[in-house]
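Please read it alongside the sequence and the coordinates.

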Amino acid sequence: MPRTLLIDGDIIAYRYSSSVEHEVEWGDDVWSLWGDAKEAAGLVRQYLAHLVDMTAADDFVFCFSDKENFRKDVAPTYKMNRKATRKPVCFKRLREWVESNFDSVCYPRLEGDDVMGILATSDLIAGEKVIVSEDKDMQTIPCLLWRQGEMTEITEEYADYFHLYQTLVGDTTDGYPGLKGIGDKRATALLEKEASWETVVKAYEKAGETEEDALVQARLARILRASDYNFETREPILWSPKV
C-alpha cells in the first residue's frame, strides 16, 4: 500500500523562510532585512529528503491555507491576534516555489489544517495517508500523524476527545479562548469522567455561558474531516453535536 505524506505547507514555508532571514545594519541607525529564497528552497529539499526517508513515504502533497477563512464567519475575531504579525520577507516566494515544484493543494476558504484533515479521511488519495504537522490541533483528526519526529496513530475516539478538550481550553495561538478559567488539568479531569458534549455544555453553563457559546468554540476548534465538507459546493459543513 503506497504511503502519502500530507505536509503542512504553511509551517514549512514559514520555518524555512524565517531561517534565511538576516538583519543588516548600514550605519546611522539604518537597518534592512533580507532573505535568500533560493537558500530556503534548498533547505526545503533537504527536509523533504530526510522526511521521506524517516517515514518510508512513497509520495507527498503540500497543503496550504487560502487567503479567506470560513472561521471568520463563525467568529470575526478568529486569528485577529495575528493580523499585525509580519511574515518572513521571502515567505510568499517560497510558497510559490513549493507550489510550482511539488504537488500542492489549497481549498477555497479553508486552512491548510482542514485540507490535511479532509484528505486524510477521504478516498481522494489512494493508500495510506500520514499528516505531517507540528500543530497539536491535528490530534483532532483520526489519522497517522508524524509530529515531533514520531509516528502516532490517532484513533477516532481520541480525535473526538481532543476536539472536546480544545473546545474547553481554547487556543490562544489561533485566537479562540475556549472557556475562561479552564486549563489543561481541569479540562482533562472533566473529560476523564465523561468525554461528551454534555460535559462541555455543563462546564460552560456552570461558568455563566451558554451552549451556543460552547458551539462557537467547538466550530472554531474543529479541523475539518471529509464528513465536514461538501465536495459539490466546496463549502465546509459547520460542526454540530450528534443528536
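## Thr4 in strand β1

Thr4 is buried, with a relative accessible area of 6%; buried means under 20% relative accessible area, exposed over 50%, and partly exposed in between, with a 1.4 Å probe and protein chains only. The residue sits in strand β1. Helices (H or I, at least four residues) and strands (E, at least two) are DSSP runs numbered from the N terminus. The model is predicted: local features need pLDDT of at least 70 and side-chain atom pairs count only at pLDDT 80 or more, while totals for chains, interfaces and linings use all residues. Residues are numbered from 1 along each chain as its sequence is written, and side-chain values use heavy atoms, with hydrogens and water left out.

Contact means heavy atoms within 4.5 Å. Leaving aside neighbours within four places in sequence, Thr4 is in contact with Asp59, Phe60, Val61, Ile125, Ala126, Glu128, Lys129 and Val130. Thr77 lies elsewhere: its C-alpha is 35 Å from that of Thr4, and the two are 73 residues apart in sequence.

## Nonpolar cores

A nonpolar core is a set of buried Ala, Val, Leu, Ile, Met, Phe, Trp, Tyr and Cys residues joined through side-chain atoms within 4.5 Å. The largest such core has 26 residues, of which Leu5, Ile7, Val44, Leu48 and Phe62 touch the most other members. At least two residues of this core come from each of β1 (3-8), α1 (9-19), α2 (37-55), β4 (59-63), α4 (91-101), β6 (128-132) and β7 (143-147). The most is given by α2, with six residues. Apart from this core lies another, of 23 residues, among them Val115, Ile118, Ala120 and Met138.

Not counting residues up to four places away in sequence, Leu5 touches Leu51, Thr55, Ala57, Asp59, Phe60, Val61, Val130 and Val132. In soluble globular proteins, nonpolar side chains tend to be buried together.

## Helix α5

Helix α5 (residues 112-120) is mostly covered, with nine of its nine residues buried.

Two packed helices are described by the angle between their axes and the distance between the axes. Axes are lines fitted to C-alpha atoms, for helices over the stretch in contact, and angles run from 0 to 180 degrees between N-to-C directions. Helix α6 (residues 156-169) packs against α8 at an angle of about 5 degrees, with the axes 10 Å apart. That makes α6 roughly parallel to α8; angles under 35 degrees count as roughly parallel, over 145 as roughly antiparallel, 65 to 115 as roughly perpendicular and the rest as oblique. Leu164, Thr167 and Leu168 of α6 make the contact with Trp197, Val200, Ala203 and Tyr204 of α8.

The axes of helix α7 (residues 184-193) and α8 come within 10 Å and cross at roughly 130 degrees, which makes α7 oblique to α8. This crossing of α7 and α8 is right-handed; a crossing is left-handed if the near helix is turned anticlockwise from the far one by less than a right angle, and right-handed if clockwise. Arg186, Leu190 and Leu191 in α7 meet Thr199, Val200, Ala203 and Lys206 in α8. For α6 and α7 the angle is about 135 degrees and the axes are 10 Å apart, and the two helices are therefore oblique to each other. Their crossing is right-handed. On the α6 side Tyr161, Leu164, Tyr165, Leu168 and Val169 meet Asp184, Ala187, Thr188 and Leu191 of α7.

## From the α7–α8 loop into α8

Ala195 lies in the loop between α7 and α8 and is partly exposed, with a relative accessible area of 44%. Beyond four places in sequence, Ala195 is in contact with Tyr161 and Leu164. Ser196 is in the loop between α7 and α8 but is buried, at 12% relative accessible area. Ser196 touches Leu164 and Leu191, not counting residues up to four places away in sequence.

Thr199 lies in helix α8 (residues 197-206) and is buried, with a relative accessible area of 12%. Its side chain makes a polar contact with the side chain of Ser196 (3.1 Å). A polar contact is a pair of N or O atoms within 3.5 Å; within protein, one must be able to donate a hydrogen and the other to accept it, and residues adjacent in sequence count only if both atoms are side-chain atoms. Leaving aside neighbours within four places in sequence, Thr199 is in contact with Leu190, Leu191 and Glu194.
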